[in-house]
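Hi,

Here is the structure I promised to pass on. Have a look at it first, and then read my notes below.

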Amino acid sequence: MKIERPRGTRDFLPDEMEKRRAIEKVMRRIAESYGYREVLTPTFEHLELFTIKSGEGIVEEIYAFKDKGGRDLALRPELTAPVIRMFVNECTGMPKPLRFYYFANCFRYERPQKGRYREFWQFGVELIGSASPLADAEVISLAYRIMDELKIDFDLHVGHVGLLRHMLRDVEENVASKIMRLIDKKDVEGLEAYLDEIGIESDLRDSIFSLIELVGGREVMDSAREIIPDFDFGHIERVCDVLDSLEVEYRLDFGIARGLDYYTGVVFEAYAKEGLGAQNQICGGGSYRLAHLFGGDDTPATGFALGFDRIAEICNVEPERKKIVVVVSFKGLEGEAFRIAEMLRDKAVVVTDVMERNVKRQLSYANDLNADVAVIVGERELREGKVAVKDLKSGEQRTVGIEDLLGVI
Ligand code: HAM
């Protein structure tokens, strides 16, 4: 009986893995160039880490289980809460700000579809310790640089959950969360029905709908000011100033509510323009406060996570290809072939026969591998300290001294 993999999970064959590694390499390079250093937290955590503030949407999707000791654990649905837990437990004495990045798998029990998996990967950063607009501007521009360098065609939207939260300040917290969640899902009908159900004041209702429709250039800030005159727009203005000076292209969007509950300030999302259909959100982030909920001091932080699987789906990065050499040997010379192969591995990918095949079939396998060069180890040449080198692309063949082989390949 064949055993299938679980729904919503994926296998990655070598071609796909090589492409993913190439993309990962670009992300790491750029994050490191901004001073971010890699961290890693456990795959599972205490369940409560995610129930405290991640929001109902995430909690419903958690892979939770009891271990043999009866403890409630969960596979991480994201890494922001784990990274802040780690920060509170181990890093509070470190000089601030802290710049961390991660690349790790996450688990959400969602309805599987294209671009939406139950195990997926995030590449993300958390900048911990600053509440300045400069911190938001840095992480937004970092996310932008990565997507830009990967030649993704995307729209970046920047907003501020503070506006919606300010508007909903007199509404009960769980009601406000539900409203935010409907806004996040862009479920306008659901939102209308819910606002009716709770009998919201009509002025507030109008303000909510006017605000979430505001998408555009910096001029929409003025419209937002008209809707919420007593909100301080200074912070987001300054973020925009920096982004403008860096020529980051974005649109203001005050309808961004984010699916997680912990955001407090500037938030942003990026959507791929093509290739992903409904699951086109490839990046999400913003500023938040979590440290005080995990037993630490109230510490501002900001960050983002890129949806790695979605990006890999639409990104056309060519993985770096090393030269492939196949060392072909006549019977009895396998040991020599192994030794020559070892000598060449500093410079190329080198493959030897392990199937006890004859020379013809070894050469045919070299073609299957799309190899560049075959080094043929034969009795007669070997006696003179030589081997035959065949260029598998041109078919050209010549005899080379073993000591010159490295230079030839
Ligand atoms: P998020 O928006 O929930 O944010 O997830 C970030 C990205 O992960 C999404 O934009 C999407 O591309 C990808 N993603 C989410 N769910 C799935 C899925 N089921 N299958 C494939 N890709 C998925 C966060 O997780 C926050 N922790 C981001 C953050 C970091 N905020 C501040 N710091």
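Where is the place of Ser-287? Ser-287 sits in strand β11, which covers residues 281–289 (strands are DSSP runs of E, at least two residues, numbered from the N terminus; helices are runs of H or I, at least four).

Before going on, note that this is a predicted model: local features need pLDDT of at least 70 and side-chain atom pairs count only at pLDDT 80 or more, while totals for chains, interfaces and linings use all residues. Residues are numbered from 1 along each chain as its sequence is written, and side-chain values use heavy atoms, with hydrogens and water left out.

Is Ser-287 buried or exposed? Ser-287 counts as buried, because its relative accessibility is 12% (buried is under 20% relative accessible area, exposed over 50%, partly exposed in between, with a 1.4 Å probe and protein chains only). Leaving out residues up to four places away in sequence, Ser-287 touches several others, among them Asp-136, Tyr-263 and Ala-301 (contact means heavy atoms within 4.5 Å).

- the side chain of Arg-108, with an N or O atom at 3.0 Å
- the side chain of Gln-122, with a polar atom at 3.0 Å
- the backbone of Gln-281, with a polar atom at 2.7 Å

On its own the ligand has 660 Å² of accessible area, and the protein covers 96% of that (Shrake-Rupley method, 1.4 Å probe).

Finally, Phe-338 belongs to helix α13, residues 334–344. Phe-338 is partly exposed, as its relative accessible area is 43%.

Cheers

Note on methods. Polar contact = N/O pair within 3.5 Å; in protein donor to acceptor, adjacent residues only side chain to side chain.
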